[in-house]
Amino acid sequence: LNPLLEYLETKQTLPAEKSINEVLSRFDAEDINYTWQKALERKTHDPEGAITISRSILESVCKHILLEQSIEFNENNIELSELYKLTAKELNLSPDRHSEQIFKQILGGCSGIVNGLGALRNKHGDAHGSSPSKVKPKPRHAELAVNLAGTMALFLISTYEAKNT
C-alpha cells in the first residue's frame, strides 16, 4: 500500500506516465486512453488483468493507425505481431527499411517487445483459463508490461503524428 499512499499524499505522477497520458488522450480520448487508465489502476492489485490490458492497448493503437491510413487487415482475426508488422511498415519502422545498424537494432527490439507482450498476455494474463500450476505474475511484472505497452504506444502515435503533419 505504500506506493498508493505516496501517490495519494503527493499526487505525483511519473514523467513517462504523464507523457503517455497526454499523447493517448490527444490521440483517442475515449477508448485507448480509458484502457491505459485501467492498466495503470490494475498493475498493483490485478497483475494478470494489467498484463492483458497492456496487450490490448498496443492492439488498439495499431488498429487505429491502420484504419486511419486505410490499410486493410482482418480486424477480427489477426495476431498482435502481424498488426505491429503492418503498422511498422506503414510508419517506416521496420528494421529492414533502415541502413544504420543502431536503428535496425532498436527497431528490432521494439518488435521484440510487442511480440513479448503478446506472449506474456497469453501465458500470464487473464484472457485464458488458468490451471492450478500456473505461475501468477507479480505487480512488478505487470508494471513492466504496462510501461512497455505505454512506451510503445507513445512511440507509434508520435511517429504516426509526425508522418501526418
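Asn92 lies in the loop between helix 5 and helix 6 (helices are DSSP runs of H or I with at least four residues, numbered from the N terminus). Its phi is near 60 degrees, a positive value in a residue other than glycine. The model is predicted: local features need pLDDT of at least 70, side-chain atom pairs count only at pLDDT 80 or more, and totals for chains, interfaces and linings use all residues. Residues are numbered from 1 along each chain as its sequence is written, and side-chain values use heavy atoms, with hydrogens and water left out.

**Loop residues with positive phi**

- Asn92 counts as partly exposed because its relative accessibility is 37% (buried means under 20% relative accessible area, exposed over 50%, partly exposed in between, with a 1.4 Å probe and protein chains only).
- Ser70 is in the loop between helix 4 and helix 5, and its phi is also near 60 degrees, positive in a residue other than glycine.
- With a relative accessible area of 62%, Ser70 is exposed.

**Nonpolar core**

- The largest nonpolar core has 38 residues, and those with the most contacts inside it are Leu58, Tyr84 and Leu156 (such a core is a set of buried Ala, Val, Leu, Ile, Met, Phe, Trp, Tyr and Cys residues joined through side-chain atoms within 4.5 Å).
- At least two residues of this core come from each of helix 2 (15–27), helix 3 (31–45), helix 4 (47–68), helix 5 (80–90), helix 6 (101–124) and helix 7 (139–163).
- Leaving aside residues up to four places away in sequence, Leu58 touches Leu80, Val114, Leu117, Ala149, Met152 and Ala153 (contact means heavy atoms within 4.5 Å).

**Packing of helix 4 and helix 5**

- The axes of helix 4 and helix 5 come within 9 Å and cross at roughly 40 degrees (axes are lines fitted to C-alpha atoms, for helices over the stretch in contact, and angles run from 0 to 180 degrees between N-to-C directions).
- Helix 4 is therefore oblique to helix 5 (angles under 35 degrees count as roughly parallel, over 145 as roughly antiparallel, 65 to 115 as roughly perpendicular and the rest as oblique).
- On the helix 4 side, the contact is made by Arg55, Leu58, Glu59, Cys62, Lys63, Ile65 and Leu66; helix 5 contributes Leu80, Leu83, Tyr84, Leu86 and Thr87.

**Aromatic pair**

- The structure holds 1 aromatic pair (rings of Phe, Tyr and Trp, the last by its six-membered ring, pair if their centres lie within 6.5 Å; planes under 30 degrees apart count as stacked, over 60 as edge-to-face and the rest as tilted).
- Phe27 and Tyr160 form this edge-to-face pair, at 5.9 Å centre to centre and 80 degrees between the planes.
- The pair links distant parts of the chain, Phe27 in helix 2 and Tyr160 in helix 7, 133 residues apart.
- Both Phe27 and Tyr160 are buried.
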